[in-house]
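Here's a quick briefing on rings, charges and sheets. Have a look at the model first, then read on.

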Amino acid sequence: MQNSSYSQSRSTKHLHHCHCSSSSSVPLHCITMAESTSMSPYLLFLLSLSLIMPNGTHSYDNNTFNLQKLQKKQQSVAPGCLLPESRREKGAIILEMKDRGQWSGNKDNWLEKQLELDIVHVRSIQNHIRKKASGHIEDSSETQVPLTSGVKFQTLNYIVSVGLGSQNMTMIVDTGSDLTWVQCEPCRSCYNQKEPLFKSSNSPSFQSILCNSTICQSLQSGTGNSGACDSNPSTCDYVVNYGDGSYTRGELGVEKLSFGGISVSNFVFGCGRNNKGLFGGASGIMGLGRSDLSMISQTNATFGGVFSYCLPSIQAGASGSLVMGNQSEVFKNVTPIAYTRMVPNLQLSTFYILNLTGIDVGGVALQNLSFGNGGVILDSGTVISRLPPSVYNAVKAKFLEEFSGLPSAPGFSILDTCFNLTGYKEVNIPTINMHFEGNAELNVDVTGIFYLVKEDASRVCLALASLSDEYEMGIIGNYQQRNQRVIYDAELSKVGFAAEPCSFT
């Protein structure tokens, strides 16, 4: 394992790194914690247009996490919400992404809701997989989170702003949903959103989709249920029910989609007339899944079925980006991109499934691990990664072996490995690396290993959780994808990983 180090000299930076000595021979992360200081459990992160490189090189074994400076930065951020933007650079389209929590302004019980609804979210994924495996076909009256990584209340989701017709719409980005939808006027029942509802009647480029059309029939793969024609035979009605009780119902339409100076004509989307859920004030969902209805499939002629993102940590002001297209020169990765193939699965063809082959903890490869035959799902809608019980227990045991001698703390929700780090200015934590087929690696950033529950660091937990049983499919959540450039190439059926310090501003 190659070692190097981040260094930071600019006074405008608020996440500083230092070299930490350790008597242990295994790779460690070094986290600095200022005594009697805290990080709010609902610190919000911001994805901006530009990706700013730190001055220096990258390291997986020596990082410093200074809570005091992060706390000061959080307190200095002015309240309010600026609309995300987009631009063209070197042939690629770069969309600004913002944390949905910052957009909604709702911080009450954010931490508790985040994990509670993550449980519901993962349970829905597993239920959907079981139904697919049994050959059960869902109809519109019983749909359960068709691709399941859709909207979660108060989770770490991201928003972008695009043009739909002549209006700007702010949408939540989701790699596990296929249908893009927004709330439309007139609306029979709509949740509160920041921007005006989409007015299809005012747009000359909007057209309804007929229920007997081929596009309407594609709803089966894109939403899990076929288009309905009961209420109005001239329109293609859709319904998507999410596992947390939220839903959207309306009709399909086509409209001009624009962002970053480009436009996509006849973009198929859902015009929601009856919607329920805490969507953080956003207008709807941008589906980045793999079915014919997804944005990636519909923009394939323009972007070649390729998109990527870099997700930052939750410190205020941290920045990253969503890049449409395969122009790698706009990336700011500090390690080479390594690709792994997507595992084909006809029953779960709209998921991004990878073959996880091994896990290192502290630079030591865990032995005799079984990840099952189905692969793991790479999902931006899941927060905390889930591993089969035997794998999780092995990771946990090795982590505790290397991270010994520190006081323990009670578990928190699905997180059962917690520590009391009150008063510690600096601790060393083992690295965690995930290996995939084809020698691709996801080297989990230090910000994706620990989950800070208490502001005073009296409860800091290992940010991994166990599945209910060995036969469930593992999931790599967005928490472990932080500070990585993750490239999705749907055309060539591969996913790439590279370290990219997008959290540093």
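The charged end of K494 sits over the ring of Y339, 4.1 Å from the ring centre; that label needs NZ of Lys or CZ of Arg within 6 Å of the ring centre and within 35 degrees of the ring normal. R249 lies over the face of Y247, also at 4.1 Å from the ring centre. This is a predicted model, where local features need pLDDT of at least 70, side-chain atom pairs count only at pLDDT 80 or more, and totals for chains, interfaces and linings use all residues. Residues are numbered from 1 along each chain as its sequence is written, and side-chain values use heavy atoms, leaving out hydrogens and water.

**Aromatic pairs**
- There are 16 aromatic pairs in the structure (Phe, Tyr or Trp rings, the six-membered one for Trp, with centres within 6.5 Å; planes under 30 degrees apart are stacked, over 60 edge-to-face, the rest tilted).
- F206 and F269 have ring centres 6.0 Å apart and planes at 70°, so they're edge-to-face.
- F206 is buried at 14% relative accessible area, and F269 is buried at 1% (buried is under 20%, exposed over 50%, partly exposed in between, with a 1.4 Å probe and protein chains only).
- F307 and Y488 are stacked, with centres 4.6 Å apart and planes at 5°.
- F307, Y309, Y352 and Y488 make up one aromatic cluster.

**Sheet**
- Four strands form an open antiparallel sheet in the order 22-23-28-27 (strands are DSSP E runs of at least two residues, numbered from the N terminus; pairing takes at least two DSSP bridges).
- Strand 22 (408-409) and strand 27 (450-452) are the edge strands.
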